[in-house]
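Take a look at the ligand site first. Then turn to the loops.

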Amino acid sequence: MTNKYMYFVANWKMFGDLRTLNSLDKVIKFSKNNKKNKFKIVYCPPNTLIRPLSRRLKKTKIEVGAQNCHHSYDYGAHTGQVNSTMLKNVGAKYVILGHSENRQLGEKDNLINLKIKSSIKTGLKIILCIGETLKERRQNKTNQILKRQIEKGLKSIKNKSKIIIAYEPVWSIGKGVIPKEADLNKAISFIKSRFVKKYPKILYGGSVNANNLSVLKKIPNIDGFLIGGASQNPKKFIDIIKKTIN
Ligand code: PGA
């Protein structure tokens, strides 16, 4: 695992203000001291912080992403919304789409598909979140859900070079529990099997911390992690990276 190029994506969700950015100095220093290591750090703060954060990270290898966007590529009368072009304009290089917290608010696969298409057109890299709920898992529907989310989410998208998949079991997010090694192995292999020629990078997300990395590190096809809670604490975030790459 240590030989692979690993992604560490910080999903700050609805946390953080301008002062919070000062805490990133530690991570910037860590990134500069580890230039030769094969990993990529991406911070996805709330939209309000994309511009100041990308300015701060200008001379570093750390990149910035957003957590969602509107599906329209063009400007329009959509109160409270921001599209992928606007996100790119302020410094975003990535966008997280299909996060379960947005699916729970009613975001459906076909809407996610439109968002992905418009973000590809803009030139953003997409982190598509997929994952089953606890109920679906108990009903043995995990593969069926993953299949649907991949097929509908990526419908009629031929060039998948900008797509990264994040497998995030909904029941694991923010709950302090992660899937059993065998289950996670199965889910990741299943995701892989849904792609014909070349499968995209596959991240795992859900309660990732420095303690459970000993289990997560063993899964051969994981290319990195999407980290929520622990990413808000620079020390914890650095610990996760260190434990993965060392
Ligand atoms: P968590 O969140 O690490 O706090 O479980 C992960 C996510 O929602 O992306």
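Which residues are around the ligand? They are N11, K13, H99, E168, I173, G174, G206, S207, L226, I227, G228 and G229. The model is predicted: local features need pLDDT of at least 70, side-chain atom pairs count only at pLDDT 80 or more, and totals for chains, interfaces and linings use all residues. Residues are numbered from 1 along each chain as its sequence is written, and side-chain values use heavy atoms, with hydrogens and water left out.

The shell around the ligand holds 3 nonpolar, 7 polar and 2 charged residues. In this count, Ala, Val, Leu, Ile, Met, Phe, Trp, Tyr, Cys and Pro are nonpolar, Asp, Glu, Lys and Arg are charged, and the others, Gly among them, are polar.

Now the polar contacts, which are pairs of N or O atoms within 3.5 Å. A backbone N or O atom of G174 lies 2.6 Å from an oxygen atom of the ligand. H99 uses its side chain: a polar atom there is 2.7 Å from a ligand oxygen. Taken alone, the ligand exposes 280 Å², and the protein buries 95% of that. These areas come from the Shrake-Rupley method with a 1.4 Å probe.

The ligand takes up the space of the second largest pocket. A pocket here is an open set of points on a 1 Å grid over the protein atoms alone, where a 1.4 Å probe fits, with protein on both sides within 12 Å along at least five of seven lines. A molecule sits in a pocket if more than half of its atoms lie within 2 Å of its grid points.

Most residues other than glycine have a negative phi. K13 has a positive phi, near 55°. Its place is the loop between β1 (6–11) and α1 (25–33); helices (H or I, at least four residues) and strands (E, at least two) are DSSP runs, numbered from the N terminus. K13 counts as buried at 18% relative accessibility, where buried means under 20%, exposed over 50%, and partly exposed in between (1.4 Å probe, protein chains only).

S156 is not a glycine either, and its phi is positive, about 50°. This residue is in the loop between α7 (142–153) and β6 (163–167). S156 is exposed, because its relative accessible area is 60%.

Finally, L57 lies in the loop between α2 (50–56) and β3 (63–66). L57 is buried, because its relative accessible area is 4%. L57 and D25 are 32 residues apart in sequence and 9.7 Å apart in space, C-alpha to C-alpha.

Note on methods
Near = heavy atom within 4 Å. Polar contact = N/O pair within 3.5 Å; in protein donor to acceptor, adjacent residues only side chain to side chain. 1 Å grid on protein atoms, 1.4 Å probe; cavity = no way out; pocket = protein on both sides within 12 Å on 5 of 7 lines; lining within 4 Å.
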